[in-house]
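Here is a short report on one protein chain.

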Amino acid sequence: MDSRERVSQKQPKPRGLLGFDANGTLFDDAEQFFRTLNDIFLTLGQKPRSANWLRHHFMVAPEDRWTSIYRVNDEDVLSQEELLGLYNLIYQQHCKDVPPSLARGAAESLAELHESGYHLIVISAQENVVTKPMLEAAGVSDIFTDVHGGSEKKDVVLTETRKRLRLTAAETIFVGDQISDGRMAASAGVGFIHRAGGVHTRAQISQALSSPLHSVRDFRGLSRLVKETKHAQFHLHKSRP
């Protein structure tokens, strides 16, 4: 028996894997998020958009298509890299001015789930240089084993992590606030819990999912929903874009 086998035997199998989106899920940052998107429009000499317009155009489109939303005269004025850099710069400033609050009940529920033997990770399209300081300021950074920033393929991270932990898809749940989060959970074949109060409403996500939606407005009922969501698989309507 080599050292790796001995270490593996010493580490008990987690009770389950819970992945969390950051913005709009762990943190209530809708104000900072929408201000950032509109500030980019203003920087490009364009008029700001309403929250409903932003929800529809940005949250339905994959992030690699955001550059097309900021087009001027049907031409891209920013590369994906330039847009991401500008977004991070403006968003960080808004967060410094008005720090996003941790979701209600999150600190207690996350600690409870961690102590119960669940493996908790963060999977966010947002870069770690932004996410990690937010987790540290909220006092919950030690609860998460890994923080996967800049992750456009959240389904891949979920699948690779659960396999490494020797967990099944039925023992894995992703918590997010957007339609894209539901898509990633469906792609990975894992359970999905919607954090209401984020970018997309329960009704908007329900229209995109073919199964009943587990939804929680704050984290106080998360432990109960984790048990209810186990073995629940969510799949998107194939006709949806």
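## Salt bridges

The chain has seven salt bridges, each defined as a side-chain nitrogen of Lys or Arg within 4 Å of a carboxyl oxygen of Asp or Glu. The model is predicted, so local features need pLDDT of at least 70 and side-chain atom pairs count only at pLDDT 80 or more, while totals for chains, interfaces and linings use all residues. Residues are numbered from 1 along each chain as its sequence is written, and side-chain values use heavy atoms, with hydrogens and water left out.

Lysine 13 pairs with glutamate 171, with 3.8 Å between the closest N and O atoms. Lysine 13 sits in the loop between α1 (3-10) and β1, and glutamate 171 in the loop between α8 and β6, so the pair ties together parts 158 residues apart in sequence. Helices (H or I, at least four residues) and strands (E, at least two) are DSSP runs, numbered from the N terminus. Glutamate 171 is buried at 18% relative accessibility; lysine 13 is partly exposed at 41%. Buried means under 20% relative accessible area, exposed over 50%, and partly exposed in between (1.4 Å probe, protein chains only).

## Other charged pairs

Glutamate 31 bridges to arginine 35, the closest N and O atoms being 3.2 Å apart. Both lie in helix α2 (residues 30-43), four residues apart, about one turn of the helix. Aspartate 146 bridges to arginine 164 at 3.8 Å between the closest N and O atoms. That pair links distant parts of the chain: aspartate 146 is in strand β5 and arginine 164 in helix α8, 18 residues apart. Asp21, Lys154 and Asp181 form a network of salt bridges.

## The sheet

Six strands make an open sheet with parallel pairing, in the order β5-β4-β1-β6-β7-β8. Two strands pair if DSSP finds at least two bridges between them. β5 (146-148) and β8 (214-216) stand at the edges with a single partner strand each, so one side of each has no neighbour in the sheet. Strand β1 (residues 16-20) runs parallel to β6, joined by four bridges. Phenylalanine 20 has valine 175 of β6 as its bridge partner.

## Helix α9

Helix α9 (residues 179-188) is mostly covered, with seven of its 10 residues buried. Among them are Ile179, Asp181 and Met184. The buried residues of α9 pack against α8 (154-164), β6 (172-176), β7 (191-195) and α10 (202-208), where contact means heavy atoms within 4.5 Å. Just after α9, glycine 189 takes a positive phi of about 70°.
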